[in-house]
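This report is written for a reader who is new to the structure shown below. Please look over the sequence and the model before reading on.

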Amino acid sequence: MQTAARREGLVFAGVGLDIEPHIRVCEQIAGHPRALPKTLVPRLMEAMGPARAAHAYGKLVEEIRRDGWVVENYQFPLIADMRRARSAGLRRRLGLVEVT
């Protein structure tokens, strides 16, 4: 990618990560909220899923930084609000991954 960027005269300041729930989960919340438990229950039953995801995310960030890039992550405002309030209950119930 850097070669193509250089060829086009593009300069990058860093890498931004925008990792979101699968679009089907978002569509289900918007269009069929009563069916949401059917979607979420399997995720909630996998106790190690969020820990594995957080580990994989951390490794990705380490690799990007090792390559010399600044890393930023983008998240839903609700998640940022929960972090500021130090509330982990909803994140845990939804199986959301804490990233820093």
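Glu72 is part of strand S2, which spans residues 71-73; strands here are DSSP runs (E) of at least two residues and helices are runs (H or I) of at least four, numbered from the N terminus. This is a predicted model, in which local features need pLDDT of at least 70 and side-chain atom pairs count only at pLDDT 80 or more, while totals for chains, interfaces and linings use all residues. Residues are numbered from 1 along each chain as its sequence is written, and side-chain values use heavy atoms, with hydrogens and water left out.

Because its relative accessibility is 44%, Glu72 counts as partly exposed, a class between buried (under 20% relative accessible area) and exposed (over 50%), computed with a 1.4 Å probe and protein chains only. Leaving aside residues up to four places away in sequence, Glu72 touches Val15, Gly16 and Leu17, where contact means heavy atoms within 4.5 Å. Glu72 and Gly14 are 58 residues apart in sequence, yet their C-alpha atoms are 7.7 Å apart in space.

## Helix H5

Helix H5 covers residues 77-84, and its buried residues are Ile79, Ala80 and Met82. Seen down the axis of H5, these fall within an arc of 160°, so they line one face of the helix; the arc is taken from the directions from the helix axis to the C-beta atoms. The face turned away from that buried side carries the exposed residues Pro77, Leu78 and Arg84.

## The whole protein

The protein has 6 helices and 2 strands, in the order α-β-α-α-α-β-α-α from the N terminus. Buried residues make up 18% of its 100 residues.
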